[in-house]
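Here's a quick walk through one protein model. Have a look at the sequence and the fold first, then read on.

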Amino acid sequence: MEETTPPDETAETVTETEPKLRPDGGDPQEAIDAQGDRRREGLDDRIFDHNAGDEQDGIPFVGAGPGNPRLLTVAGKELLEAADLVVHAGSLVNSELLDEYCAHAELVNSVGKDLEELIPLMRDAYEDGENVVRLHSGDPAIYGAALEQMDALEHEGVPTYFVPGVTSAFAASATLRTQLTLNEVSNHVAFTRPQGKTLTEEEDHISEFVEMGDVTTCIYLGTHAVRDTMDRLLADDHDPETPVAVIYHASWPDEDVIVGDIGTIADKVEEAGYRASAMVVIGDAVTGAGYERSFLYGDWANRGSNDADEAESD
Ligand SMILES: C[S@@+](CC[C@H](N)C(=O)[O-])C[C@H]1O[C@@H](n2cnc3c(N)ncnc32)[C@H](O)[C@@H]1O
């Protein structure tokens, strides 16, 4: 079964206001197709006129970060504090963050609402002169379905832009006190999700990422499917001792970390009872063991390099 939000997680401690809907938003798919056609003809001028993080006209699609209000960006905080209407992503946006930064704003939970409701709601508020913020969990560019809302709004003449956030995989790596890329251990990171309602079996590439050996695989939307995922990895002959961590509610007050391996993690997650809201991380980077010092602060430090990218400090 696809991961869904358990009913108890949709409860907000903040007062919700029912949206005042004005229909006639048009067909969102037509709007998405039209925006796609425009993009094929040429990139949006705003790409070259603005930098990420700049103040811009329109409705910002803000990443709330993983949960802890301290992990919201400064730009996100300023926009929320100035907002009249905040349309937020329900249970994965910590109500503490809404209490702290949006006490003055009208709040609408987007869970259970379709584009036909959300687009006129945001458009009308924006056209009435309100400061509207669309708040997504983590970063809106990762499994956020932000672009379709933005395209539908743009099609209606409402400008939009992204304000990035800390994606939950980054909160998970901070919790684990490790890096997702680690010299001689993990050269790549895959952000992925398991098969289910959205992905077919053929579109599920988790086994291929694990097969590569030097990839840290971060699975979103897969808490409910840990058993299935591990069973498939075992059936594909992956080493049962490959490290796996499941980080529930990374950065929240009730954060929980379960550590095991491909052979043991499913039992542990089932015992803990988590079915949603966790990040599953597979690979040797989970333990942070076995890496070697990087070139960056070794031989290269004093020699320089002709390859500017490779010599780039981080
Ligand atoms: C619809 S996706 C949204 C991801 C979000 N845009 C992001 O960048 O983190 C929801 C999934 O993200 C993961 N997730 C979101 N917040 C999390 C957190 N604080 N701790 C662990 N996983 C989280 C879970 O896997 C959850 O099923």
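A quick word on terms: a residue is called buried if 20 or more other C-beta atoms lie within 10 Å of its own, exposed if 12 or fewer, and partly exposed in between, with C-beta atoms placed from the backbone. Helices (H or I, at least four residues) and strands (E, at least two) are DSSP runs, numbered from the N terminus.

This is a predicted model, so local features need pLDDT of at least 70 and side-chain atom pairs count only at pLDDT 80 or more, while totals for chains, interfaces and linings use all residues. Residues are numbered from 1 along each chain as its sequence is written.

**Helix H6**

Let's start with helix H6 (residues 146-155): eight of its ten residues are buried, so H6 is largely enclosed by the rest of the structure. Among those buried residues are Ala146, Gln149, Leu153 and His155. The cover over them includes helix H1 (28-41), strand E1 (59-63), H5, strand E4 (132-136) and strand E5 (160-163); contact here means C-beta atoms, placed from the backbone, within 7 Å. After H6 comes Gly157, with a positive phi near 90 degrees.

**The core**

A nonpolar core is a set of buried Ala, Val, Leu, Ile, Met, Phe, Trp, Tyr and Cys residues joined through C-beta atoms within 7 Å. The largest one here has 75 residues, and Val86, Met122 and Val246 have the most contacts inside it. Helix H5 (residues 115-127) gives the largest share of this core, six residues. Domain 1 (7-166) and domain 2 (169-286) both contribute residues, so the core lies between them; the domain bounds come from an automatic or database domain assignment. Leaving out residues up to four places away in sequence, Met122 touches Ile59, Val87, Val132, Arg134 and Leu153.

**The sheet**

Five strands make an open, mixed sheet in the order E6-E7-E10-E8-E9. Strand E6 (188-192) and strand E9 (256-261) are the edges, each pairing on one side only. From one strand to the next, the twist averages 15 degrees. Two strands count as paired if DSSP finds at least two bridges between them. E6 and strand E7 (residues 215-219) run parallel over five bridges, and Ala190 has Thr217 in E7 as its bridge partner.

Helix H7 (residues 168-176) lies across E6, E7, strand E8 (243-248), E9 and strand E10 (278-282), at about 70 degrees to E10. Axes are lines fitted to C-alpha atoms, for helices over the stretch in contact, and angles run from 0 to 180 degrees between N-to-C directions.

Ser91 sits in the loop between strand E2 (85-88) and helix H4 (95-101), while Val280 is in strand E10. Here are the numbers for both.

| Residue | C-beta atoms within 10 Å | C-alpha distance | Separation in sequence |
|---|---|---|---|
| Ser91 | 20, buried | 8.4 Å to Val111 | 20 residues |
| Val280 | 28, buried | 8.8 Å to Ala172 | 108 residues |

Not counting residues up to four places away in sequence, Val280 touches Ile219, Gly222, Val226, Val244 and Val246.

**Around the ligand**

Which residues come nearest to the ligand? Of the 27 residues around the ligand, they are Pro66, Gly138, Thr167, Ser168 and Ala250. A residue counts as near if its C-beta atom, placed from the backbone, lies within 6 Å. H7 supplies the largest share of this shell, three residues, and H7 and E10 each give at least two.

Key. Contact = placed C-beta atoms within 7 Å.
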